[in-house]
Amino acid sequence: MASSSFLAVFVVVALLMVSIRSSNAQLTTNFYSSSCPNLFSTVKSVVQSAINKEARMGASLLRLFFHDCFVNGCDGSVLLDDTSSSTGEKTAIPNSGSLRGFEVIDQIKTAVEKACPGVVSCADVLTITARDSVVILGGPTWNVKLGRRDATTASLSAANNNIPPPTSSLSALITSFQNQGLSTTDMVALSGAHTIGQARCTSFRTRIYNESNIDASFSKTRQANCPSASNSGNNNLAPLDVQTPTSFDNDYYKNLVSQKGLLHSDQQLFSGGSTNALVQTYSTKPSQFNSDFVTAMINMGDIKPLTGSNGEIRKNCRKTN
Ligand code: HEM
Ligand SMILES: *[C@@H]1O[C@H](CO)[C@@H](O)[C@H](O)[C@H]1NC(C)=O
């Protein structure tokens, strides 16, 4: 009796461990190869034309993937519009007036639905789109893992709690990524996404007026288009990478080494703490940055995917079926 119940517990624990592992193991690089053979070319051509129209769009699309994955996993929840009965994530503090690219995702989804109706999730569309954006702007390429399904719910509170603000300290950044199962190396490498795109004055005002670990001519340049008064110019934009804001390269780390990080959180990565050495390395070794960035993007894409019969394949990324 005692030994058979021991055996039963053992079997249950072993099965549990297998089922936890298989939630990620179900993502594969060839998931749609027979159900949607033209998926990659279909996505890429829409991303390419959106970036041709506006180079910044590549940055905006990459950021969408991050803001999706950090809120209960990469499940397309960030794309859901508010309805009369449920509030989505678009009005969360990190997203409101800032997150963009939703119309491009709609265009991609429409093209994908035309090619393969009801097959490809919005979560996977975001994953492929983020990769293509990096590649088109000159960054590294990789094979994306696919097979995610779409959430039927979103979480405003998780969006507010899980996406780190630009006021974060180094230890807060490390903890925030650790909470998602990502390492400090992943965090430093993924922050290199700030080699492209723009930030609003409200996101960096305190840094350019009140911080001392900042290059003096750089802060002066940024102050010219970002008034100190908190009621003016809040939406004025500045490039996250002062040198090449539409090229995916390692200039972000060179900026940090010369105290030209735009956000407080950026400069935290090179302010004498445990990540200084890695920033220094990435600033001189673009190939190491590229390879760590790819690893970290794959790790971020593995955050809590819905697979099997969980979730759904949304027809329209803005609403549940
Ligand atoms: C490490 C913690 C991070 C913080 C605190 C942070 C914060 C921010 C902030 C405040 C902005 C500007 C928003 C605005 O003013 O409208 C921004 C922009 C951006 N972020 Fe991050 N971010 C982080 C990590 C990431 C990651 C992991 C990625 C992607 C892998 C990413 C990609 C981007 C991109 C591409 C932009 C520019 C978007 C555009 O031009 O539309 N960020 N981020
Ligand atoms: C800078 O710090 C001072 C003193 O704490 C504060 O009064 C002021 O509002 C801050 N300015 C900005 C732009 O953050």
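## Helix α2 and T42

T42 is placed in helix α2, which spans residues 39–53. The model discussed here is predicted, and the values that follow should be read with that in mind. T42 has a relative accessible area of 16%, and because buried means under 20%, T42 counts as buried.

The side chain of T42 has a polar atom that lies 2.6 Å from the backbone oxygen of N38. When neighbours within four places in sequence are left aside, the residues in contact with T42 are A111, V112 and A115.

## The iron atom and the surroundings of ligand 1

The iron atom of ligand 1 has H194 as its only protein donor, through NE2 at 2.1 Å. H194 belongs to the loop between α8, residues 184–191, and β1, residues 198–200. Water is not among the atoms, so the site may look incomplete.

Around ligand 1 there are 25 residues, of which R56, S60, S98, H194 and S203 come nearest. Several polar approaches to oxygen atoms of this ligand can be listed: a polar side-chain atom of R56 lies 2.7 Å from an oxygen atom of ligand 1, while an N or O atom in the side chain of S98 is 2.6 Å from an oxygen atom of ligand 1. With Q198 the approach comes from the backbone, where an N or O atom lies 2.8 Å from an oxygen atom of ligand 1.

## R63 and its link to S98

R63 is located in helix α3, and with a relative accessible area of 30% it is partly exposed. Its side chain is joined to that of S98 by a polar contact of 2.7 Å; S98 is also one of the residues that come nearest to ligand 1.

Leaving aside neighbours within four places in sequence, R63 is in contact with P94, S98 and L99. The C-alpha atoms of R63 and I196 are separated by 10 Å, although these two residues are 133 residues apart along the chain.

Which residues surround ligand 2? The surrounding residues are R205, T206, Y209, N210 and S228, and by class this shell has one nonpolar, three polar and one charged residues. Among the polar members, T206 has a polar side-chain atom 3.4 Å from an oxygen atom of ligand 2, whereas for N210 the corresponding distance from a polar side-chain atom to an oxygen atom of the ligand is 2.2 Å. On its own ligand 2 has 360 Å² of accessible area, and the protein covers 37% of this area.

Helix α9 comprises residues 201–210, and its buried residues are C201, F204, R205, R207 and I208.

## N255 in helix α11

N255 is found in helix α11, which covers residues 251–257. Is N255 buried or exposed? At 2% relative accessibility, N255 counts as buried.

The side chain of N255 takes part in two polar contacts that can be described here: one, of 2.9 Å, is with the side chain of D241, and the other, of 2.7 Å, is with the side chain of Q243. Not counting residues up to four places away in sequence, N255 touches D241, V242, Q243, K260 and G261.

## Residues with positive phi

Most residues other than glycine have a negative phi. Against that background, N72 has a positive phi near 60° and is not a glycine. N72 lies in the loop between α3, residues 56–69, and α4, residues 102–115, and with a relative accessibility of 36% N72 counts as partly exposed.

K304 likewise has a positive phi, of about 35°, although it is not a glycine. K304 is found in the segment after α14, the helix that covers residues 286–301. Its relative accessible area is 54%, and because exposed means over 50%, K304 counts as exposed.

Conventions
Residues are numbered from 1 along each chain as its sequence is written. Chains are lettered from A and ligands numbered from 1 in the order in which they are written. This is a predicted model: local features need pLDDT of at least 70, side-chain atom pairs count only at pLDDT 80 or more; totals for chains, interfaces and linings use all residues. Side-chain values use heavy atoms; hydrogens and water are left out. Donors are N, O and S atoms within 2.8 Å of the metal (3.2 Å for Na, K and Ca); water is not among the atoms, so sites may look incomplete. Helices (H or I, at least four residues) and strands (E, at least two) are DSSP runs, numbered from the N terminus. A residue is near a molecule or strand if one of its heavy atoms lies within 4 Å of it. A polar contact is a pair of N or O atoms within 3.5 Å; within protein, one must be able to donate a hydrogen and the other to accept it, and residues adjacent in sequence count only if both atoms are side-chain atoms. Accessible areas come from the Shrake-Rupley method with a 1.4 Å probe; for residues, only the protein chains shown count as cover. Ala, Val, Leu, Ile, Met, Phe, Trp, Tyr, Cys and Pro count as nonpolar, Asp, Glu, Lys and Arg as charged, and the others, Gly among them, as polar. Buried means under 20% relative accessible area, exposed over 50%, partly exposed in between (1.4 Å probe, protein chains only). Contact means heavy atoms within 4.5 Å.
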